[in-house]
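Hi,

Here is the structure I said I would pass on to you. Have a look through it first, and then read on for what turned up.

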Amino acid sequence: YILFGYQSTACLGCFVVIYALLLVCILPMLQTIPSEIPMGPLEGARLPDVMKNNPRFSQAASKLRSQFRQWRQGSGVTDQSLLREAAAEFAVLRKSQHLAREN
């Protein structure tokens with residue numbers, strides 16, 4: 001049997017209170033999950049509101065996005081090629097784990 005003394009009960013109570021507080025704090029984030037998750041590195045990137053109102057930040061961000069797009073097009077990197085490469089690496093890892101389990 002596990003005996004709970006005063007210290008154990010107090011520690012468990014503190015944990016429950018902090019855990020409940022954490023859940024209450026993150027509840028708004030859990031309720032605002034988008035129905036459609038953006039795919040790709042450029043669709044998910046957003047500027048903070050402070051930077052959106054400053055034209056210099058917006059111009060610099062646009063310039064960086066266009067340079068990144070040009071680099072990706074120039075190097076032949078596409079989302080499809082990255083997915084194929086990741087799938088191939090996953091298959092190799094799965095195969096090696098399967099062989100390790102058999103031995």
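Let me begin with the cysteines. The sulfur of Cys 11 has its closest cysteine sulfur in Cys 14, 6.8 Å away, which is too far for a bond. A disulfide would need the two sulfur atoms within 2.5 Å, and by this rule the count for the structure is zero. Cys 11 is also exposed, since its relative accessible area is 54%. Cys 25 counts as exposed too, at 52% relative accessibility.

Please keep in mind that this is a predicted model. Of the 103 residues in the chain, 2% are buried. The accessible surface of the chain comes to about 9800 Å², and carbon and sulfur atoms account for 65% of that.

Next, the surface around helix 1. A nonpolar patch of about 870 Å² is formed there by Ile 2, Phe 4, Leu 12, Phe 15, Val 16, Tyr 19, Leu 22 and Leu 23. Phe 4 sits in the segment before helix 1, which covers residues 6–31. With a relative accessibility of 56%, Phe 4 counts as exposed.

How many aromatic pairs does the structure hold? There are two. In one of them, the ring centres of Phe 15 and Tyr 19 are 5.9 Å apart and the planes meet at 25 degrees, so this pair is stacked. Planes count as stacked when they are under 30 degrees apart. Phe 15 and Tyr 19 are four residues apart in helix 1, and therefore about one helical turn separates them. Both residues belong to the nonpolar patch described above. Phe 15 is exposed, because its relative accessibility is 53%, whereas Tyr 19, at 45%, counts as partly exposed.

Phe 68 and Trp 71 also form a stacked aromatic pair, with 5.9 Å from centre to centre and 25 degrees between the planes. Phe 68 and Trp 71 both lie in helix 3, three residues apart, or about one turn of the helix. Phe 68 is partly exposed, as its relative accessibility is 31%.

Finally, a word on helix 3 itself. This helix runs over residues 55–75 and has 21 residues. From first C-alpha to last, helix 3 reaches 30 Å, close to the 30 Å expected at 1.5 Å a residue. Just after helix 3 comes Gly 76, with a positive phi of about 80 degrees.

Best wishes

Note on methods
Residues numbered from 1 in each chain as written. Predicted model: local features only at pLDDT ≥ 70, side-chain atom pairs only at ≥ 80, totals over all residues. Heavy atoms only, no water. Patch = residues over 30% accessible without salt bridge, like charges linked within 9 Å, V, L, I, M, F, W, Y side chains within 5 Å. Areas by Shrake-Rupley, 256 points an atom, 1.4 Å probe, with all protein chains shown as cover. Salt bridge = Lys/Arg side-chain N within 4 Å of Asp/Glu carboxyl O. Helix = DSSP H or I, 4+ residues; strand = E, 2+ residues; numbered from the N terminus. Buried < 20%, exposed > 50% of the residue type's maximum accessible area, 1.4 Å probe, protein only. Phe/Tyr/Trp six-rings, centres within 6.5 Å; stacked < 30°, edge-to-face > 60°. Expected span 1.5 Å × (residues − 1).
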